[in-house]
Amino acid sequence: MSKLEFDVPAKGGFSFDLCKRNEMLMKKGVQPPSYRKTGTTIVGLIFQDGVILGADTRATEGPIVCDKNCEKIHYMAPNIYCCGAGTAADTEAVTDMVSSQLQLHRHHTGRESRVITALTLLKSHLFNYQGYVQAALVLGGVDVTGPHLHTIYPHGSTDTLPFATMGSGSLAAMAVFESKYHEGLTRDEGIKLVTEAICSGIFNDLGSGSNVDVCVITKGHKEYLRNHLLPNPRSYVSAKGFSFSKKTEVLLTKVTPLKEKVEIIQSGEAMEE
Amino acid sequence: MEIDADAPHSMGTTIIGVTYNGGVVLGADSRTSTGVYVANRASDKITQLTDNVYVCRSGSAADSQIVSDYVRYFLHQHTIQLGQPATVKVAANLVRLLAYNNKNMLQTGLIVGGWDKYEGGKIYGIPLGGTIIEQPFAIGGSGSSYLYGFFDQAWKEGMTKDEAEQLVVKAVSLAIARDGASGGVVRTVIINSEGVTRNFYPGDKLPLWYEELEPQFSLLDIPSSPGPEPMNI
């Protein structure tokens, strides 16, 4: 077998060449860049007509909340959605990539995507990267074979469950599910239970917060309820609508609403054969 | 207690495979742990490879799932090329080849069991390094440490199907009682010439051992319970 002399490894995987240099820099006091994590509470459950997914909306960069209203429920296919916990870049990238692969697959086969297809694509990608792609996912959808709910761990193992939680708030949310979940939930009961579980994560876990997103997937129909519940409104909103630094004295306020700009498209000549 | 969500998902596990007069019985618990958190309390560790061969998985959840996926794929190809069902020996050897050749990267112990028309019921144990050993019974996983003595005493040749299944259920429940990394329910799979039977034993159906108590509901759950009598001084 010929030996390839490249910096980049031949078949996927990460190159760890700079690890020693990074260690040396850290010893000298250079701070490594902190990356954005979705602390997170993500949940999914199967109800009588399909699958309901839920997520909080806080994204953290170390101890700071960098996004108070991010979207953690990612689109995979018209009938499949995926919640992502862990490193935000990893969850975004991996769900985007598999979503594109599924779309190509739909073109090739002419059929609706199946949840196990998405599952296999995600798990083999994550396994190949041996856990370094830190994405913990809750994948749910309804296809011809019925409703499915799976959890996928960063190392590539998967579980198939009737209800699942992931992320730093998973214990708080699982406590709610374990006490209140039963088979044959109706849509409203399911949404209420998912909201309760996410709220449990939001209020009891420091890595989760802000609002609740819910996604209901049934046969042939999906509803993405973005910001279904907003239990954390801004407590002090200045009535003025603007704020300058303390030394600036406001002498006159004049509000001019922007005029609406309407474009008129010239109707072209009719096409002639 | 800090939950390390990045800890690799491992199946603490108790897995057992036992031959009997006419086939094999495979048994396992159902706990998958991530550090000290139970990530899945009802997992199915007995995975199908072909119609007549199943494998019990232990160790790293990801590694064992990937290995069984690959072996299922290779066995499917092999069955097409051979024109008849694969033998248990072939299935076990395919598992062994993957486990041995990738021993540096994999951390999974497996028990392959099944029935074929040439050899009947067979059990093959494939522990961590990738050795393959054909045994009348095999135990694996963290909970198996507590079962070596038990099997030395309780195992006998030529059991009937029910005796073998009861032995497996008893053994897994004993291991669950003592091993923190095993728990949940007991699943068994019986494979013989007639086919495959899956059974499920929830926690309350298992026998109680030393110091184990009857399940009791909390008094708070009973709405009619009036509460303790006030003390009279």
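Two salt bridges cross the interface of chain B and chain A in this structure, which is a predicted model.

**Where chain B meets chain A**

- The contact draws on 16 residues from chain B and 16 residues from chain A.
- About 1500 Å² is buried between the two chains, and carbon and sulfur atoms give 52% of that area.
- On the chain B side, strand S5 (37-40) and helix H1 (61-82) each supply at least two of the residues that touch chain A.
- H1(B) gives the largest share of that side, with six residues.
- By residue type, the side of chain B that touches chain A splits into seven nonpolar, five polar and four charged.

- Asp69(B) pairs with Lys123(A) in a salt bridge, and their closest N and O atoms are 3.5 Å apart.
- Arg41(B) and Glu178(A) form a salt bridge too, with the closest N and O atoms 2.4 Å apart.
- Arg41(B) sits in the loop between S5 and strand S6 (46-48) of chain B, while Glu178(A) is in helix H4 of chain A, so this pair joins two chains.
- How exposed is Arg41(B)? Its relative accessible area is 47%, so Arg41(B) counts as partly exposed.
- Glu178(A) is partly exposed as well, because its relative accessible area is 36%.

**Salt bridges within a chain**

- In chain A, Lys180(A) forms a salt bridge with Glu196(A), the closest N and O atoms lying 2.6 Å apart.
- That pair links distant parts of the chain, with Lys180(A) in helix H4 and Glu196(A) in helix H5, 16 residues apart.
- Lys180(A) is partly exposed at 44% relative accessible area, and Glu196(A) is partly exposed at 28%.
- In chain B, Arg198(B) forms a salt bridge with Asp44(B), and the closest N and O atoms are 3.1 Å apart.
- Arg198(B) lies in strand S13 (residues 195-201) of chain B and Asp44(B) in the loop between S5 and S6, so the pair ties together parts that are 154 residues apart in sequence.
- Arg198(B) has a relative accessible area of 39% and is partly exposed; Asp44(B), at 31%, is partly exposed.
- Back in chain A, a network of salt bridges links Glu71(A), Asp213(A) and Arg226(A).
- As a general point, side chains of opposite charge can pair when their charged atoms come close.

**Helix H5 of chain A**

- H5(A) covers residues 187-204, which is 18 residues, and reaches 26 Å from its first C-alpha to its last.
- That span is close to the 26 Å expected at 1.5 Å a residue.
- Which residues of H5(A) are buried? The list includes Gly190(A), Ile191(A), Leu193(A), Val194(A), Ala197(A), Ile198(A) and Cys199(A).
- Among the elements of chain A that cover those buried residues are strand S2 (42-47), strand S3 (50-55), helix H4 (170-180), strand S12 (212-218) and strand S13 (221-229).

**Lys222(A)**

- Lys222(A) is found in strand S13 of chain A.
- With a relative accessibility of 32%, Lys222(A) counts as partly exposed.
- Leaving out residues up to four places away in sequence, Lys222(A) touches Pro78(A), Tyr81(A), Val216(A) and Ile217(A).
- Lys222(A) and Thr95(A) are 127 residues apart in sequence, and their C-alpha atoms are 18 Å apart in space.

**His148(A)**

- His148(A) has its place in strand S9 (residues 146-152) of chain A.
- Is His148(A) buried or exposed? His148(A) is buried, because its relative accessible area of 19% falls under the 20% cut-off.
- The side chain of His148(A) makes a polar contact with the side chain of Thr145(A), at 3.0 Å.
- Not counting residues up to four places away in sequence, His148(A) touches Ile46(A), Val51(A), Val115(A), Leu139(A), Gly140(A), Gly141(A) and Asp143(A).

Key: Residues numbered from 1 in each chain as written. Chains lettered and ligands numbered in written order. Predicted model: local features only at pLDDT ≥ 70, side-chain atom pairs only at ≥ 80, totals over all residues. Heavy atoms only, no water. Contact = heavy atoms within 4.5 Å. Buried area = accessible area lost by both parts, 1.4 Å probe. Salt bridge = Lys/Arg side-chain N within 4 Å of Asp/Glu carboxyl O. Helix = DSSP H or I, 4+ residues; strand = E, 2+ residues; numbered from the N terminus. Nonpolar A, V, L, I, M, F, W, Y, C, P; charged D, E, K, R; others polar. Expected span 1.5 Å × (residues − 1). Buried < 20%, exposed > 50% of the residue type's maximum accessible area, 1.4 Å probe, protein only. Polar contact = N/O pair within 3.5 Å; in protein donor to acceptor, adjacent residues only side chain to side chain.
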